[in-house]
Amino acid sequence: WAVGMIYVLSTLGGDVSLDQVDSTAATDDVVSPACYMDYPSDFYFSGENVTEDNGCGGNYIQCPQWGRCHGGLLRDCNDGGGEWQGLVRFVPNEEGTSCFPSDGALVIMEVVQDALVNMTVSQSCRSSNMITDPASVLLKEQEPYPLFSLDVVSWRVNEASEVDITMSADLLLWLQPVFDAATVTFGQMSETDGPPDAIGLSSEVPEHKLPVPFSCQMKFMFMELFGWLLKFLYRVVVLLTQKSWQYMSTHPKSSPVVLMILVAAVSIRRKTKHRAKVREIFDIVKEEAYDRLAHCDGSGGYAALHLRDDVGHAMYSSNVRERLFMYNYVWPRVIVEVRADNRVRKFRKAADGKQLEHWDLNTNSKRGWQLRKTPNKTPGKHVEVTSSAKRDP
């Protein structure tokens, strides 16, 4: 038992000695606080010229980006830029360890970004306020968003915002380090080397994040749908062509027969559709022609050629294609119908220096037609009808 106690005590004694060693080692590894190297070398803050170590223990690190350091401390963030009408780009953080954009610079940055978003949407939607001058806007290949010249962006910002400072191309270039490269990009309108002269949204900005109006979204949707439909029709035509060629290659004897049948079917269908359209229009054209004959005063008649033109322009005032269809395919049937009608007197006489066929509906037929076309009238009563009387459509 005694031997066991001696062993336990010796073990505890060993642990204590080890703790003491570890504590001593930790004390030896303590690193003195890091200090910033003087930058720029000729910078002195408030007239100070600190040469002593100030407890840095010789442990110096580089001054933060955009910062000016002296005596181991970050004094300000005016390196390389200074101020612009009282505005600074960067200021030290609370810990004095880095530089971040000032409040004034952030306000201007947000205003410029909003202007770029609105200008980009206007260009994409081709709105009325889009930039049309080719010297002020550039859309490069493989880039989703256009670049705008610094001058036109400055003009848009000054026109739309209430920023206290006047925006200019030089101010935009001065603020370039403040902008996030993931949101705004600077570039050139031309291929020549030189400083940036254009600005636009970065390609990393998602398109669905842009405030595109609903009408513009619908236009884009219809354009995509139309493009998809064209691709679909193209693929169908290519597929049918390939299948037809395969069939003709494997069935060289029956292919001409099948082709002739298809051509005949298409021709028959076209002729059937043509005849149906002629029959549909014929009664309307005939009714209009007889209506004009019935309201033609006197016995001088109506020139058939002029009657055709009057009917055609009355029915198809703006559709030239349908008017020509009526002239070529419907009116010849009307001529046959009128020439076979004994109520219509046919004769030829000069009109405007030309010998033209004239038609004149006899008096009784005119009166009967006018009575039939006049509402709320019965035969046997006198009805006064002038050439301007209202006709059925």
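Modeller: What covers the buried residues of α9 includes α6 (255-294) and β15 (354-361). The buried residues of α9 (363-373) are Ser 365, Lys 366, Trp 369, Gln 370, Leu 371 and Lys 373. Buried means under 20% relative accessible area, exposed over 50%, and partly exposed in between, with a 1.4 Å probe and protein chains only. Helices (H or I, at least four residues) and strands (E, at least two) are DSSP runs, numbered from the N terminus.

This is a predicted model: local features need pLDDT of at least 70, side-chain atom pairs count only at pLDDT 80 or more, and totals for chains, interfaces and linings use all residues. Residues are numbered from 1 along each chain as its sequence is written, and side-chain values use heavy atoms, without hydrogens or water.

Next, the sheet. Four strands form an open sheet in the order β9-β10-β12-β11, paired antiparallel. Its edges are β9 (137-138) and β11 (184-187), each pairing on one side only. Two strands pair if DSSP finds at least two bridges between them. β9 and β10 (147-149) have two bridges, in the antiparallel sense. Val 137 has Phe 148 in β10 as its bridge partner. Helix α2 (103-125) packs on the sheet and touches β9, β10, β11 and β12 (198-201). Contact here means heavy atoms within 4.5 Å. The direction of α2 makes about 80 degrees with that of β12. Helix α3 (150-160) also packs on the sheet, touching β10, β11 and β12, at about 80 degrees to the direction of β10. Axes are lines fitted to C-alpha atoms, for helices over the stretch in contact, and angles run from 0 to 180 degrees between N-to-C directions.

Now the cysteines. There are three disulfides, each a pair of cysteine sulfur atoms within 2.5 Å.

Cys 125 and Cys 216 have their sulfur atoms 1.9 Å apart. This link is left-handed, with -100 degrees about the S-S bond. Cys 125 sits in α2 and Cys 216 in helix α5 (214-250), 91 residues apart, so the pair links distant parts of the chain. Both cysteines are buried.

Cys 77 is joined to Cys 99, S to S 2.0 Å. With -85 degrees about the S-S bond, this link is left-handed too. Both Cys 77 and Cys 99 are buried.

Cys 63 and Cys 69 have sulfur atoms 1.9 Å apart. Their S-S torsion is about 80 degrees, so this disulfide is right-handed. Cys 63 counts as buried because its relative accessibility is 14%. Cys 69 is buried at 0%.
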